[in-house]
Amino acid sequence: MIETGPDGLVIFAKKECPTCNLVQPVAQELANRGRPVIVFAQDDTSFMDGLTVEDDTSLKQSFLHNIEAVPTFIRFANGREVDRTVGWSRSAWERVAGETGLGENLPAFQPGCGSKTREPGVFEHLVARYGDPGLTSRRIEVGDWDDPVETAYERGWSDGLPVVPPTDERIFRMLGGTGRKPEEVIGRVPPNLAPCTVEKVAINAVMAGCKPEYMPIVLAALEAALEPIATLHGLLCSTCSGGPILIVNGPITRAVGMNSGINALGQGNRANATIGRALNLIVRNVGGGRPGELSRATLGGPHKYTFCFAEDESDPEWQPLAAARGLPRGTNAITFFQGDGIQAFVDQRSTTAPELTRSLGMALLAVCHPKLCEFTNALLVLSPEHHGIFRNAGWDRGRIESELHKALMRPGKDLVQGAQGVGEGIDPRRAGEMINKFWPEGLLIVRAGGKAGLFSAICGGWTGGRFRDQSQPVTKEIKS
Amino acid sequence: MTLLLRDPTAEIAPALRPRRPALDTLVGKCVALLDIGKMRGDEFIDRLEILMNARGIVTRRYKKPTNTRTAPIEIIHDITLNCHAVVIALSDCGSCTSCSTHDLFTLDERDLPGVSVLTEEFMDAFETQRRAIGFDGAAIFVPHPMQNRSRTELESFADKFCGEILLQICVAPPKAYQA
């Protein structure tokens, strides 16, 4: 219990606060009237001369008494708080102290300063140290001389890169990024089909390096991934190289600082890097999808660490991906695409829309295998300069898609198994048909990248996409 | 202050990661005998090696330069490339218990089943280190103290515990030769 003195009068204060210094004569005046006050100093005990000053630089008492500003003047009776006021207000101080004529030389009112307990990052530490963060996940003790980053490696929590140690204060802070309760179950994560709570999402988001403001995006990514049609189970256990590719739309991308511009698909942006990584860590840690065990990719790829980016929505004439997939324009949304790493598309010679369409068609045919058609999906990331060629021709998303599909039609006789001296190919019974490379819904186009460069990118879809009605990309609204 | 982390997993698995399963057989395999470098440990290992060789088990000796550090990476690499299981002995102090448990873990990560031999006094220390690493490492405990024992006594420990040690690294180790 806090030491309150015989009169139960306590001030929480800090030396750097002008109002705390202002009330020093008032505290002295109370003492002179036989009403001693105990001061709990948050930063420095070398002020409030002549008064009893307790060291609260640990902020324990300030935290336990929920001090949000200083000075806070409190009266206790029988160990229980009966009244408090914040800052300096003569009338309020007189009420709390039960005195009159206090601080007559002072202004009637002066606001205080913020408590040190409320400085950035401090409160979460105090909750972890002196309070109850409300976490239920198993505690893992790190030896006094052990490195927590190494502990995470030793326990198999890492994707191979260092993770941020998931301490209570970090997890508590991460949970502050969502209004959802820690115990809420988002779904069951394959391959173990283990239930995943918001708390587990937060722990893995901490380890991935996320900021709390990314939590709604990470949660939506997981929800999208756990839709049965997203086939996460097959994707992560597959011997193919596919992994989650996340495309984020809406104003949230700018709010949290995602990259949709230069090097959008590459390294260097915290949100892009860690949101995608968080989903993969959840799959690894909660779902148990560890490479070599049930995660069986023959080769995998660097995209399986993380692959998440924002679409560039700065062109008002361009319909963003999420809008094309049915959500109102401007909705914060995430699209989960099952795909491989990028295949660069280079075309610095095409100047017209039809020319560029034919050129893209040639490159898109290579997805999975040039002779495999209606076999998987693809993501085409169109750079601003390439998009500009279509834009100048007056082609919108719908026109680009329809023209590309036309350019991707091939005679079945060239694609059947054995044709062109290659065993791989489509069903020989389709030799007489004209076959599209992708189903109409199977080519997703996103606009992203730096303003300079006639370079786009193609991400081939996972081969599970050949089961057209069983495995599809998923778009989900991001809710706070 | 001890740092506490929260488990990011589904907590389906126990807190300790299971160790590599013991080998089905030691035929055609080589067992690393890793002397941690603590005094008198070599006398125990000398006898253990004789007993193992008498059972037809191929062994390869290693010695750490000091028991107070984890094994040099060169030794770890050599064991990984040339051996199939490891016996680490003989820990009878805090630092050697800690370091040898890390060595056991490091080699387990490289697919070598292993066992650490310690004195009974360090049962708790082994358990603490095991828990901190999160690894269900195997151990055999011999009587403590050992530094003031005669060579005959140390050899008798090897005689007594050889069978148990082998069972930690092989499901069906060869039996001792019976005349």
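**View 1. Arg61(B), an exposed residue in a strand.** With 12 C-beta neighbours inside 10 Å, Arg61(B) counts as exposed (buried means 20 or more other C-beta atoms within 10 Å of a residue's own, exposed 12 or fewer, partly exposed in between, with C-beta atoms placed from the backbone). This is a predicted model, where local features need pLDDT of at least 70, side-chain atom pairs count only at pLDDT 80 or more, and totals for chains, interfaces and linings use all residues. Residues are numbered from 1 along each chain as its sequence is written, while chains are lettered from A and ligands numbered from 1 in the order in which they are written. Arg61(B) sits in strand E3 (residues 58-63) of chain B (helices, H or I with at least four residues, and strands, E with at least two, are DSSP runs numbered from the N terminus). Leaving aside neighbours within four places in sequence, Arg61(B) is in contact with Leu33(B) and Glu49(B) (contact means C-beta atoms, placed from the backbone, within 7 Å). Ala13(B) is 48 residues away along the chain, and its C-alpha atom is separated from that of Arg61(B) by 35 Å.

**View 2. The fold of chain B.** Chain B has 5 helices and 6 strands, and along the sequence they run β-β-α-β-α-β-α-β-α-β-α. The radius of gyration is 16 Å, close to the 16 Å that the globule rule gives for 179 residues, so chain B is as compact as a globular protein of that length (the radius is taken over C-alpha atoms, and the rule is 2.2 Å times the number of residues to the power 0.38). The C-alpha trace spans about 55 × 35 × 30 Å along its principal axes. Buried residues make up 45% of the 179 in chain B. Of the contacts in chain B with a separation of 6 or more, 79% join residues 24 or more positions apart.

**View 3. Helix H9 on helix H12 in chain A.** H9 (residues 215-225) and H12 (residues 270-285) of chain A pack at an angle of about 50°, with their axes 9 Å apart (axes are lines fitted to C-alpha atoms, for helices over the stretch in contact, and angles run from 0 to 180 degrees between N-to-C directions). H9(A) and H12(A) are therefore oblique to each other (under 35 degrees is roughly parallel, over 145 roughly antiparallel, 65 to 115 roughly perpendicular, the rest oblique). On the H9(A) side, the contact uses Ile217(A), Val218(A), Ala221(A), Leu222(A) and Ala225(A); H12(A) brings Ile275(A), Ala278(A), Leu279(A) and Ile282(A). By class, that's 9 nonpolar, no polar and no charged (Ala, Val, Leu, Ile, Met, Phe, Trp, Tyr, Cys and Pro count as nonpolar, Asp, Glu, Lys and Arg as charged, and the others, Gly among them, as polar).

**View 4. Helix H7 with H5 and H8 in chain A.** The axes of H5 (residues 122-130) and H7 (residues 168-175) of chain A come within 8 Å and cross at roughly 125°. Glu124(A), His125(A), Val127(A) and Ala128(A) of H5(A) meet Asp168(A), Glu169(A), Phe172(A) and Arg173(A) of H7(A). These residues split into 3 nonpolar, 1 polar and 4 charged. H7(A) and H8(A) come within 9 Å, axis to axis, and cross at roughly 110°; they are therefore roughly perpendicular to each other. Arg170(A), Ile171(A), Met174(A) and Leu175(A) of H7(A) meet Ala202(A), Ile203(A), Ala205(A) and Val206(A) of H8(A).

**View 5. Where chain A touches chain B.** The contact takes 30 residues from chain A and 19 from chain B. Strand E10 (139-142), helix H6 (148-154), H7 and helix H8 (198-208) of chain A each supply at least two residues of chain A's side.

Definitions and conventions:
Contact = placed C-beta atoms within 7 Å.
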